[in-house]
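Please consult the sequence and the structure alongside the text.

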Amino acid sequence: MNPNHFRALDLNLLRVFDEVMTERSLTRAARNLSITQPAASNAMRRFREAVGDELIKREGQEMIPTPRALAIWPAVREALRQLQDVLSPNTFVPAQAAMSFVLAMADATAAELIPGLIRVLDREAPGVSIRVIPLTTRDPRRLLDEGAADLAIGFFPVVFADLTARTQAGEAVAFNHQRLFSSDYMCVMRRDHPLARGPLTLNRYCSARHLLVSFSGRPFGFIDEALAVVGRERRIVLTVNQFFTAGQVVTQSDLLTVLPRHFVNITGIADQLVLRELPFVAPTVHVDALWHHRAQRDSAHRWLRETIGALSQSVS
């Protein structure tokens with residue numbers, strides 16, 4: 001777009017574009033903006049002409065953004081948010097707020113953080129509610145991008161490696177994060193397991209039968225990647241998607257599993273379990289909060305992040 005075209009651009013078109021990108025629907029975008037669907041369609045046509053790109057393609061019932069639309073959307077959304085902050089600053093008052101947040105996290109993380117968060121809500125923000133949805137992936141960026149979750153909390157090494165690479169390459173990134181706490185993964189077994197006595201060697205570990213906790217259901221995890229580095233593998237006979245389930249199963253079987261050290265203390269069955277250091281090098285578990293950049297300056301979202309950050313300081 002040349003400077004003359006930009007000076008003539010109706011900035012209302014940016015609001016329509018942002019809403020269409022968010023909703024992936026002209027009907028919902030028009031409803032949210034309190035305009036008719038033909039008006040929204042006309043605005044998108046004018047913006048396409050100004051930008052010189054199709055922006056949105058319809059494939060069946062879906063509206064698919066073009067690469068150009070995906071490239072300019074973060075900048076458009078951030079510019080609109082900055083204007084809103086300047087012209088209509090919003091100040092979040094916890095005691096007066098009536099809203100809901102959606103958090104994506106694993107059961108182990110929820111067990112650590114949610115009880116304390118509920119106590120804070122009861123005390124400071126009784127009109128605020130929380131909905132926790134299961135974390136089914138190690139890359140929750142799509143959830144955040146589509147607005148299905150306000151905050152994702154978990155172990156996201158692949159995400160941060162990608163964000164770091166993009167930042168070093170000079171690319172704009174659409175996500176922010178905050179380290180909450182760190183922990184180690186431990187080998188966990190029932191108290192009277194045959195391997196509970198004596199050292200847990202690599203051979204003894206690999207010869208045992210194993211239970212894998214996999215959020216996505218994939219029968220292969222980062223522990224298997226660590227074993228592959230030393231040319232070994234383990235026999236996985238059961239895969240579940242919850243740490244609590246894994247803890248219960250190993251108390252009643254000869255399966256070994258791997259759990260975060262901090263989680264074992266809050267299972268309620270710690271007295272039935274034995275923890276052993278893994279006989280190989282495994283990555284430290286860094287639990288982070290991840291959110292979309294569009295929420296960075298939102299005062300309600302900032303309050304949520306700061307509250308969870310404070311609660312995480314007690315995790316050990």
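Which residues form a nonpolar patch on the surface?

## Surface patch

The nonpolar patch consists of Leu83, Val86 and Leu87, which together have about 340 Å² of accessible area. Patches are made of residues with over 30% relative accessible area and no salt bridge; nonpolar side chains (Val, Leu, Ile, Met, Phe, Trp, Tyr) are joined within 5 Å, and like charges within 9 Å. A salt bridge places a side-chain nitrogen of Lys or Arg within 4 Å of a carboxyl oxygen of Asp or Glu. Accessible areas come from the Shrake-Rupley method with a 1.4 Å probe.

Val86 lies in helix H5 (residues 67-87) and is exposed, at 65% relative accessible area. Exposed means over 50%, buried under 20%, and partly exposed in between.

## Basis and confidence

The model is predicted: local features need pLDDT of at least 70, side-chain atom pairs count only at pLDDT 80 or more, and totals for chains, interfaces and linings use all residues. Residues are numbered from 1 along each chain as its sequence is written, and side-chain values use heavy atoms, leaving out hydrogens and water.

The average pLDDT (the predictor's confidence in each residue, from 0 to 100) is 89, and 96% of the residues score at least 70. Among the elements, the lowest mean, 58, belongs to helix H1 (residues 3-7), and the highest, 97, to helix H9 (residues 202-207). Helices are DSSP runs (H or I) of at least four residues, numbered from the N terminus.

## Cysteines

The whole structure contains zero disulfides, a disulfide being a pair of cysteine sulfur atoms within 2.5 Å. The sulfur of Cys187 has its closest cysteine sulfur in Cys206, 11 Å away, too far for a bond. Cys187 is buried, with a relative accessible area of 0%; Cys206 also counts as buried, at 11%.

Conventions: Helices (H or I, at least four residues) and strands (E, at least two) are DSSP runs, numbered from the N terminus. Buried means under 20% relative accessible area, exposed over 50%, partly exposed in between (1.4 Å probe, protein chains only).
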